[in-house]
Amino acid sequence: ATSRIGRRLTLALSYLHDYQRSEISNEALLDFESRDELISLGLDPTTGVQEGTLAELIGSIEYNATVNPLDPSSGYLMSLSLERAGGLLPGTFHFYAVSAEARHYLPLGPYLTWANRARIATTDPDGPRSDVPFAKRYFLGGSTSLRGWGRFEVAPLSGFGLPIGGFSALELSTEARVGTWRNIGLVFFLDAGNVWPGSWEFGLGDLVYDAGPGLRYQTPV
C-alpha cells in the first residue's frame, strides 16, 4: 500500500512472503569467476545451501523535494526504510533492518550540478547470523557504489579472502555532473564507504575511497 501526502511525501507499507530454497553445485562454488553472479542472485556461496521462508513487513517514508525526479539538478531527497522479518510472522528468518538515505543536488550553472549522496544501513538478527538470508547481506563496489572497486568487492572477507557480505554499510559520494551534448554528460566523482561484519558496527576510520571520471547517458526510460 502506498500513500502520497501532498506532492513530496510518500508513505509505503508492504508484506513479503517468499519461500526460498537454493543449492549450489561444487563446480560453481569452486569457480571464483561465477561468484559475483551467485551473490547477485542472492545465493549463499559460503555454505552452498539455503532454505527457508522469508516473511517480512517493510515500511518506508520518502520526502522528495527535487525539481526533476528522473534527472534531478536541484533540491534534495530523504528516505527511511524499516524491515521486520519473523517474530510474530510465520517465517524462518528473524531480523530487523534499517536504512536511511539522503541526496542533495545544487546547480552551479546551466551545465554543472553538484550532487551528493549518503546512505547508512544495518541488519540485526534476533539470534545467529543464519536468521538473515544471504540476499540481505551488504556489499559495495561496482557501477553504483564505490565505483573504483570491483562488483561486490568491498565486504568482509572469508578465510580465503573472498567477500562474504556484512551486516552494516555506509556509503558516501560527491560528484560534479557536467552536461555536454544532448543526453550525454561527464561526471567527476569521489566515493567513500565500507561494510562491517556486525550489526550497528560503523567505523569512520575504516572507510575506503575512490575517485575518477565517468560518462553518463540519460536514456528515455
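The model is predicted, with local features needing pLDDT of at least 70 and side-chain atom pairs counting only at pLDDT 80 or more, while totals for chains, interfaces and linings use all residues. Residues are numbered from 1 along each chain as its sequence is written, and side-chain values use heavy atoms, without hydrogens and water.

**Surroundings of Asp44**

- Asp44 lies in the loop between helix H2 (35-40) and strand E3 (49-64); helices (H or I, at least four residues) and strands (E, at least two) are DSSP runs, numbered from the N terminus.
- The Asp44 side chain has a polar contact of 2.3 Å with the side chain of Thr46 and one of 3.4 Å with the side chain of Thr47.
- A polar contact is a pair of N or O atoms within 3.5 Å; within protein, one must be able to donate a hydrogen and the other to accept it, and residues adjacent in sequence count only if both atoms are side-chain atoms.
- Beyond its neighbours within four places in sequence, Asp44 is in contact (heavy atoms within 4.5 Å) with Ile24, Val49, Gln50 and Phe134.

**Strands E8 and E9**

- Strand E8 (184-196) and strand E9 (208-217) each supply at least two residues of a nonpolar patch.
- Leu186 is in strand E8.
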